[in-house]
Amino acid sequence: MSVIQRSDIYLKDEESVTRFHEIFLSRLPKIESTGGRFLQVYANQDDPFHLMFLARWQSIEHYETYMSWAGEQPDRERVGALMAKAPDHAWLAEVGDWLP
């Protein structure tokens, strides 16, 4: 069964957003090949350096496989340097249709 993850990413400035986007795009093939199935990215209207990612993964284990790979990449320290603070993550469960 697939799972949904919410990640709040807090970047330092506009240049950090641009660089983070470039790195993220370069990682999309690995995200897909390790079980990432759906991804949406939102920017906070009041804070454009705060991005929220909603991602569907085949399983938490698939996400952990990707994160293990990402942690071994030479640009991981560069990614960390772009952040204003540590990201916040949560696993979400669908609760059904709330609308009539």
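This is a predicted model: local features need pLDDT of at least 70, side-chain atom pairs count only at pLDDT 80 or more; totals for chains, interfaces and linings use all residues.
User: What share of the contacts with a separation of 6 or more is between residues 24 or more positions apart?

Analyst: Contact means heavy atoms within 4.5 Å. Of the contacts with a separation of 6 or more, 74% are between residues 24 or more positions apart.

User: And what share of the residues count as buried?

Analyst: Buried means under 20% relative accessible area, exposed over 50%, and partly exposed in between, with a 1.4 Å probe and protein chains only. Of the 100 residues, 30% count as buried.

User: How many aromatic pairs does a search of the whole structure find?

Analyst: Take the rings of Phe, Tyr and Trp (for Trp, its six-membered ring): they pair if their centres lie within 6.5 Å, and planes under 30 degrees apart count as stacked, over 60 as edge-to-face and the rest as tilted. The search finds six pairs. In one of them, Y63 and W91 have ring centres 5.3 Å apart and planes at 80°, so that pair is edge-to-face. Y63 belongs to helix α2 (residues 60-71) and W91 to strand β4 (residues 83-92), so the pair ties together parts 28 residues apart in sequence. Y63 is buried at 12% relative accessibility, while W91 is partly exposed at 35%.

User: How are the rings of Y66 and W69 arranged?

Analyst: They make a tilted pair, 5.7 Å centre to centre with 40° between the planes. Both are in helix α2, three residues apart, which puts about one helical turn between Y66 and W69. Y66 is buried at 7%, and W69 is partly exposed at 23%. Ring pairs also join up: W57, Y63, Y66, W69 and W91 form a cluster.

User: Which ring does the charged end of K85 sit over?

Analyst: The rule is that NZ of Lys or CZ of Arg lies within 6 Å of the ring centre and within 35 degrees of the ring normal. K85 has its charged end over the ring of Y10, 4.2 Å from the centre.

User: Is R27 buried or exposed, and what does it touch?

Analyst: R27, in helix α1 (residues 14-33), is buried, with a relative accessible area of 10%. Setting aside residues up to four places away in sequence, R27 touches Y66, W69, A70, Q73, D75, R76 and V79.

User: What about R6, buried or exposed?

Analyst: R6 sits in strand β1 and is buried at 17%. Beyond neighbours within four places in sequence, R6 has contacts that include M52, F53, D88 and H89.

User: How much space lies in the largest pocket?

Analyst: The general idea first: rolling a probe the size of a water molecule over the atoms shows where empty space is left. On a 1 Å grid over the protein atoms alone, a pocket is an open set of points where a 1.4 Å probe fits, with protein on both sides within 12 Å along at least five of seven lines; lining residues have an atom within 4 Å of a point. Points are joined across faces, edges and corners, and the volume is the space filled by probe spheres set on them. The largest pocket holds about 570 Å³. It is lined by 28 residues, and the closest to its centre are F20, F24, R27, Y66 and M67.

User: Which element gives the largest share of that lining?

Analyst: That's α1, with seven residues.

Key:
Residues are numbered from 1 along each chain as its sequence is written. Side-chain values use heavy atoms; hydrogens and water are left out. Helices (H or I, at least four residues) and strands (E, at least two) are DSSP runs, numbered from the N terminus.
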